[in-house]
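Trainee: Could you help me learn to read a protein model, one feature after another?
Mentor: Gladly! Let us look at it together.

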Amino acid sequence: MTHFLRTLLGTATLALAALSVQAGSPSAYIISPSDGDTVTSPVTVKFGLKGMGVAPAGVERDNTGHHHLLIDLETLPDLDKPIPADDQHVHFGGGQTETTVELEPGEHTLQLLLGDHLHRPHDEPVVSEKITITVSE
């Protein structure tokens, strides 16, 4: 490969990397179920993350975090404090990207919130859109 082609390839690679960084902020999303789905319990929920990596709780690495599934919350928890751990704030500190949850029949909301190595939301919170599902009997 000539020096010219190597330089051109290197420049193109840097330009693509810059574009991917500028393309948007990191985002969390629920792969499945989809908003409006009717499902049966137990419900398998698959987590997605774009622009950051997944790392277990306790592992401090730049641009990483772990998922927290928020179930039936009307508002987000305090984003200046560690995310609570209870039936409505489910932690996935092992770096899991999927879970199965038991939900009563009826309508439920699901949302993801990424936490850092200490279960705190990032300075710019990475939170998914809230979806609504119906669990049939």
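Mentor: We begin with a definition: a residue is called buried when its relative accessible area is under 20%, exposed when that area is over 50%, and partly exposed in between. Please keep in mind that this is a predicted model.

Trainee: What share of the residues of the chain count as buried?
Mentor: Of the 137 residues, 33% count as buried. As for the surface, the chain exposes about 8400 Å², and 53% of that comes from carbon and sulfur atoms.

Trainee: Which helices and strands does the chain have?
Mentor: There is one helix, and there are nine strands.

Trainee: In what order do the three strands of the open sheet lie?
Mentor: The order is 1-3-7, and the pairing is antiparallel. Strand 1 (27-32) and strand 7 (98-101) are the edge strands, each pairing on one side only. From one strand to the next, the twist averages 30 degrees.

Trainee: How many bridges join strand 3 to strand 7?
Mentor: Four bridges join strand 7 to strand 3, which covers residues 43-50. You can find Lys 46 with its bridge partner Glu 98 in strand 7. Likewise, Val 45 stands opposite Thr 99 of strand 7.

Trainee: Where do the side chains of a strand point?
Mentor: The general idea is that side chains in a regular strand alternate between the two faces of the sheet.

Trainee: Now the loops, please. Which residues are joined by a cis peptide bond?
Mentor: Look at the angle omega. The bond joining Ser 32 and Pro 33 is cis, with omega about 5 degrees, and Pro 33 sits in the loop between strand 1 and strand 2 (38-39). The bond from Ser 41 to Pro 42 is also cis, with omega near 5 degrees. Pro 42 belongs to the loop between strand 2 and strand 3.

Trainee: Which residues have a positive phi without being glycine?
Mentor: One of them is Asn 63, with phi about 55 degrees. Asn 63 is in the loop between strand 4 (53-54) and strand 5. His 119 has a positive phi too, near 70 degrees, and lies in the loop between strand 8 (106-115) and strand 9 (131-135).

Trainee: Is Ile 83 buried or exposed?
Mentor: Ile 83 is buried, since its relative accessible area is 5%. You will find Ile 83 in the loop between strand 5 (64-71) and strand 6 (89-91).

Trainee: What is Ile 83 in contact with?
Mentor: Beyond its neighbours within four places in sequence, Ile 83 touches several residues, including His 68, His 89, Leu 113 and His 119. The C-alpha atoms of Ile 83 and Arg 120 are 5.8 Å apart, though 37 residues separate the two along the chain.

Trainee: And how do contacts look over the whole chain?
Mentor: Take the contacts with a separation of 6 or more: residues 24 or more positions apart account for 65% of them.

Notes:
Residues numbered from 1 in each chain as written. Predicted model: local features only at pLDDT ≥ 70, side-chain atom pairs only at ≥ 80, totals over all residues. Heavy atoms only, no water. Helix = DSSP H or I, 4+ residues; strand = E, 2+ residues; numbered from the N terminus. Buried < 20%, exposed > 50% of the residue type's maximum accessible area, 1.4 Å probe, protein only. Contact = heavy atoms within 4.5 Å. Pairing = 2+ DSSP bridges. Axes fitted to C-alpha atoms, helices over the stretch in contact; angles between N-to-C directions. Areas by Shrake-Rupley, 256 points an atom, 1.4 Å probe, with all protein chains shown as cover.
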